[in-house]
Amino acid sequence: MIMEKLKVLHVDVGGCEGCNVSIIRAYPKLMDLIELDISYLRKDECKLDEYDVAIITGGACMNEPRILEELKEIREKAHTVVAFGSCATFSGILRFCRGGQEPRPDHRNFQPINSVIKVDYSIPGCPPTPQMLQSFFKFYINGDERRLRLFKVSADIKKLSGFDLIDDIVLTGLCIGCGACELSCPTNAIKLIDKRPNLVQEKCIRCGTCYIRCPRASQILSMGGAR
């Protein structure tokens, strides 16, 4: 039996393009499973038709009504909405935006996508690896709710950072010194000293990657630990 491909839309509402590149890199191994509507491969304008899954990258600019309306329309058109990357998931580095910069000095407040619309799954990372998106669709198509649990729990969290990792895992004595946080940090904000993570506060961009990659933290979140 030939399985019908999922109709997947990608929409970028503002970011550095790193997440978009990750999606493009993931696509060759997903082509048998999904039909991806993405601007880089599209010949015409986006028709914003009905979709099985919508992948959103970038943070929601609260000073841009057009973006907010577009997000609401996507929510109406897509059965499942996925926030991809830390800007879409937790705002990430966009939290530092204070406006006053060209070409849009009025853009000063960015929020995670789940502050505007309901998000079904979030895949944090700066950027997430192509393998994470490939794994997500594998689990999604198979209906593997256990493997999707972390993505689903993350969809309800609005902020996560290295500060939370220190508070929840290190200072509580739960850290096992595996170094996953140090390896995953995109800005080298975490250094292991005597097998314990130390945070260089000025370098933390609030992407939450260290928290999600931490085996103890991700286990607690997946088991229902609230943030």
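Begin by selecting E64 and R104, whose side chains are joined by a polar contact of 3.0 Å (a pair of N or O atoms within 3.5 Å, where within protein one must be able to donate a hydrogen and the other to accept it, and residues adjacent in sequence count only if both atoms are side-chain atoms). The model is predicted, so local features need pLDDT of at least 70 and side-chain atom pairs count only at pLDDT 80 or more, while totals for chains, interfaces and linings use all residues. Residues are numbered from 1 along each chain as its sequence is written, and side-chain values use heavy atoms, with hydrogens and water left out.

Stay on E64, which lies in the loop between β4 (60-61) and α2 (65-77); helices (H or I, at least four residues) and strands (E, at least two) are DSSP runs, numbered from the N terminus. E64 counts as buried because its relative accessibility is 10%, where buried means under 20% relative accessible area, exposed over 50%, and partly exposed in between, with a 1.4 Å probe and protein chains only. Not counting residues up to four places away in sequence, E64 touches R104 and H107, contact meaning heavy atoms within 4.5 Å.

Next, select the open sheet, in which 5 strands follow the order β2-β1-β3-β5-β7 with parallel pairing; two strands pair if DSSP finds at least two bridges between them. β2 and β7 (121-123) stand at the edges with a single partner strand each, so one side of each has no neighbour in the sheet.

Within this sheet, move to strand β1 (residues 6-12), where 5 of the 7 residues are buried. Strand β1 runs parallel to β2 (residues 34-37), to which 4 bridges join it; L9 has D37 as its bridge partner in β2, and K7 stands opposite E35.

Now select helices α5 (residues 145-154) and α9 (residues 215-222), whose axes come within 9 Å and cross at roughly 85°. Axes are lines fitted to C-alpha atoms, for helices over the stretch in contact, and angles run from 0 to 180 degrees between N-to-C directions. The two helices α5 and α9 are therefore roughly perpendicular, the word used for 65 to 115 degrees, whereas under 35 is roughly parallel, over 145 roughly antiparallel and the rest oblique. Show R149, L150 and V153 in α5, which meet S218, L221 and S222 in α9.

Finish on S218, which counts as buried because its relative accessibility is 12%. Its side chain reaches the backbone oxygen of P215 at 3.3 Å, and, leaving aside neighbours within four places in sequence, S218 is in contact with L150, Y211 and I212.
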